[in-house]
Amino acid sequence: MNVATGALGSLLPMLGELLKEEFNLQTGVKKDIESIQRELGSMDVALRKVAEVPRDQLDEQVRHWADEVRELSYDADDMVDAFLVRVVGHRLTEHSCFKRLMEKMASLFKKAKARRQIATAIRDIKAQVLDVAARRDKYRVDSVGANLPAPTSTVDPRLLSLYKGKKEIVGIQEPVDNIIKRLTDDGDEEVSRNQLKILSIFGPGGLGKTTLAKAVYDRLQRQFVLGCFVSVGRNPDVKKVLKDILLQLDKEKYTNNYNLVTFDERQLIDEVRGLLESMRYLVVIDDIWDIASWEIIRRALVDSNHGSKIITTTRIFEVATKASDIHKLEPLSHDNSKELFYRRLLGGNEKCPADKLPEVSEKLLQKCGGVPLAIITIASLLASKPRHDWPKVYNSIGFGSGENEDVRNTRKILMFSYYDLPSYLKTCLLHLCTFPEDHLIKKRNLLWKWVAEGFVREESGIGLFEIGERYFNELINRSMIQPVQNPELGIIKGCRVHDMVLDMICSMSKEENFVNMLDSHEQHTISQRKARSVGLLRQLKCLRVYALVFGVWDWIGNLTSLQELRCYIGNASPNFLKELAGKITQLRVLKIHVAPFYMMTDELKVLSRKFKRLKLQSIVFDEEPDWEGFIPPRKLIELTLVVGFCRLPTWINSSLIPNLRHLCVKTLDSQHLEILGLFPELLTLRLWSSDTICFEVMGNGTFPKLMYFTNVILRFLQGAMPSLQSIQLEVRVTDNFDFSSLRNLTCLEEVTVEMNCLGALKSEVEEAKAALRHTIYNHPNSPTLHLETTFDTGFWHGKR
């Protein structure tokens with residue numbers, strides 16, 4: 001399935017298989033099939049060329065012809081499909097399965113009835129094909145076309161730097177300081193200081209309202225007892241917004257609160273008010289589109305008379321006027337626009353003299369009008385093209401001038417960037433309109449959906465998931481989607497789609513007859529009217545079983561195309577892991593959670609000997625065998641062992657698995673830390689220990705690339721973990737942990753602390769919080785602090 005070529009990708013191989021001698025088709029039918037193949041193959045090429053040209057720049061007859069060919073491909077595919085269902089009994093869904101299924105069909109074709117059926121189907125297809133083909137030369141379809149850049153396999157690091165940290169976002173410091181001053185400048189009167197303040201950030205799409213609000217929230221959050229940041233969106237579900245507020249305000253209380261599902265709006269409002277009425281809070285309500293939704297949400301945000309603050313963002317001025325103060329977000333200055341533009345093109349903070357880039361780059365920059373989304377998108381587009389092609393880009397976009405042209409020009413840049421995509425990326429991008437607005441789209445789930453839908457084209461020697469990951473990275477590099485990084489793993493966990501991009505792809509998907517909006521809330525769903533079914537699985541690539549399964553698993557060896565397996569096992573036959581390693585040669589991800597009463601020690605050792613033949617990149621086990629006989633695959637990237645050890649297994653060392661990037665394991669002593677510190681590529685380390693011993697981390701060159709660390713209590717000496725950006729700690733107040741060594745982590749940007757208050761005096765808890773905040777405030781980087789307390793209802797108010 002391809003948005004440019006319809007169903008031709010699956011139809012052409014199907015017709016080719018029908019030509020084989022074993023099907024004994026009549027000579028006339030074979031000739032008809034060959035004629036159809038030639039015409040459809042030629043149309044496939046023509047459609048790909050047509051798809052490279054913006055739809056509004058195509059001649060109307062060419063546009064109509066392309067739509068007609070796509071519809072024809074769907075009809076022909078349905079026709080052959082229906083025939084195969086009658087004679088075979090199920091859908092032919094995988095090209096690699098053709099041989100096996102065609103063998104079953106061969107005997108059926110010997111029957112006269114079957115031959116007559118396929119002959120009739122082929123004649124009908126041929127008649128339609130010739131009818132459409134007759135208009136091809138008349139409309140001069142072959143005269144259209146465009147050049148496409150070479151694909152990239154990894155995310156451009158220059159682009160990732162733009163999403164790295166709020167301090168590095170171009171032009172944000174001044175408006176952040178301005179908003180904070182307006183929110184916190186309360187004068188000398190106590191009444192004024194305690195009043196609730198509401199400020200709205202107002203401006204058109206693409207200016208960075210959400211980014212600015214998040215930067216302010218991160219700066220002010222530590223000054224408030226409670227805080228949350230929630231999005232509303234164009235088609236709001238107010239009940240969901242209120243539930244999101246509750247979940248962020250008190251995650252522990254509401255995460256598994258099933259009563260929340262049954263609450264109506266009034267009950268949810270009362271619940272939020274109950275949490276906020278005696279607290280000093282900071283709340284951000286992002287992306288409000290209408291007054292009615294805001295007024296309902298506003299009822300929940302009670303004035304607690306403790307100096308609470310509310311920030312809203314909107315592109316609707318009438319909504320902004322409902323706040324007590326309005327910050328109108330202005331476009332970037334010319335200097336800031338140039339800095340952002342060149343940073344995307346060249347990377348880092350480098351500023352490029354204008355004479356080193358084509359003159360047209362300055363013209364393009366001016367047309368962006370200081371809109372960050374437009375600047376990043378056009379710079380991403382230029383980064384993928386040779387510089388001598390840049391004037392063509394400028395001339396092709398067709399910029400306008402006059403009032404509100406900045407917004408219109410941004411839309412034109414987005415449209416041009418869409419049409420510059422190869423057809424396979426257009427299909428993947430349009431598929432994203434099936435997700436709700438402001439939704440975090442998880443990368444791994446998305447890629448497997450693309451594979452299942454048939455959007456990912458097979459390439460020799462490369463797994464479909466890896467190809468899909470390359471598509472994902474290409475869309476990031478072209479700034480069509482925004483990457484979302486996992487703060488704990490240091491990897492891209494998913495993406496979001498900017499609302500202006502979402503508007504564009506929803507419109508394009510409807511125009512291309514790919515996806516239509518069906519319900520009254522304009523949720524994006526696959527249309528039942530004419531959009532085609534694309535959800536048929538080919539061969540199974542990914543199997544995830546999230547329930548505990550008891551029984552025989554011997555069938556697992558039949559899934560020879562499996563690349564990812566995640567399962568919970570209650571029991572299994574001895575052949576389970578042998579089948580797994582012996583027959584599933586394409587396996588990349590293996591995550592097995594074993595019931596505590598079921599042991600697989602011997603099977604694991606057998607499996608490990610065969611790992612060397614696999615290209616496994618990720619292994620997760622919570623089984624507790626003797627791991628000393630284990631032989632890890634050398635290309636391993638992720639390892640999680642949710643087990644306890646008497647000592648660290650000898651195979652967990654940098655010489656055997658040098659490419660390891662993500663590790664989760666139990667540690668016992670400081671010697672283990674020294675071993676783990678020698679992994680040259682390690683980015684993420686999750687440790688836990690059964691005791692509360694505080695280990696020291698030396699600044700002796702260990703952990704050279706580690707960016708994210710969690711759980712075990714450590715004391716950091718000068719020069720320790722030189723690349724660490726985020727740390728998560730679980731501390732007991734009664735252990736009197738010294739936070740001051742965090743100042744030796746020179747790259748630290750984020751600190752998350754879960755403070756266990758059990759058995760502590762209330763005064764001791766306040767002292768621990770004060771010591772932590774003092775360290776964070778005095779850290780050279782002013783890292784963001786996330787502080788949670790547990791068992792805080794068990795304070796001792798006097799002597800123990």
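Reader: Which residues touch the most other members of the largest nonpolar core?

Author: In soluble globular proteins, nonpolar side chains tend to be buried together. A nonpolar core here is a set of buried Ala, Val, Leu, Ile, Met, Phe, Trp, Tyr and Cys residues joined through side-chain atoms within 4.5 Å. Buried means under 20% relative accessible area, exposed over 50%, and partly exposed in between, with a 1.4 Å probe and protein chains only. In this structure the largest core has 85 residues, and Leu432, Trp450 and Ile505 touch the most other members. Helix H18 (residues 372-383) gives the largest share of this core, eight residues. Another core, of 61 residues, lies apart from it and includes Phe630 and Leu682.

The model is predicted: local features need pLDDT of at least 70 and side-chain atom pairs count only at pLDDT 80 or more, while totals for chains, interfaces and linings use all residues. Residues are numbered from 1 along each chain as its sequence is written, and side-chain values use heavy atoms, with hydrogens and water left out.

Reader: What does tryptophan 450 touch?

Author: Contact means heavy atoms within 4.5 Å. Leaving aside residues up to four places away in sequence, the contacts of tryptophan 450 include Cys428, Leu432, Phe455 and Tyr471. Trp450 is also among the buried residues of helix H22 (residues 443-453), as are Lys443 and Glu453. Helices (H or I, at least four residues) and strands (E, at least two) are DSSP runs, numbered from the N terminus. After H22 comes glycine 454, with a positive phi near 85°.

Reader: At what angle do H13 and H14 pack?

Author: Axes are lines fitted to C-alpha atoms, for helices over the stretch in contact, and angles run from 0 to 180 degrees between N-to-C directions. Angles under 35 degrees count as roughly parallel, over 145 as roughly antiparallel, 65 to 115 as roughly perpendicular and the rest as oblique. H13 (residues 265-276) and H14 (residues 291-300) pack at about 45°, their axes 7 Å apart, and are therefore oblique to each other.

Reader: Where does leucine 748 lie, and is this residue buried or exposed?

Author: Leucine 748 is in the loop between strand E21 (726-732) and strand E22 (750-756). Leucine 748 is buried, at 0% relative accessible area. Its C-alpha atom is 8.0 Å from that of serine 723, which is 25 residues away along the chain.

Reader: How many disulfides does the structure hold?

Author: A disulfide is a covalent bond between the sulfur atoms of two cysteines. The cut-off used is a pair of cysteine sulfur atoms within 2.5 Å. The structure holds zero disulfides.
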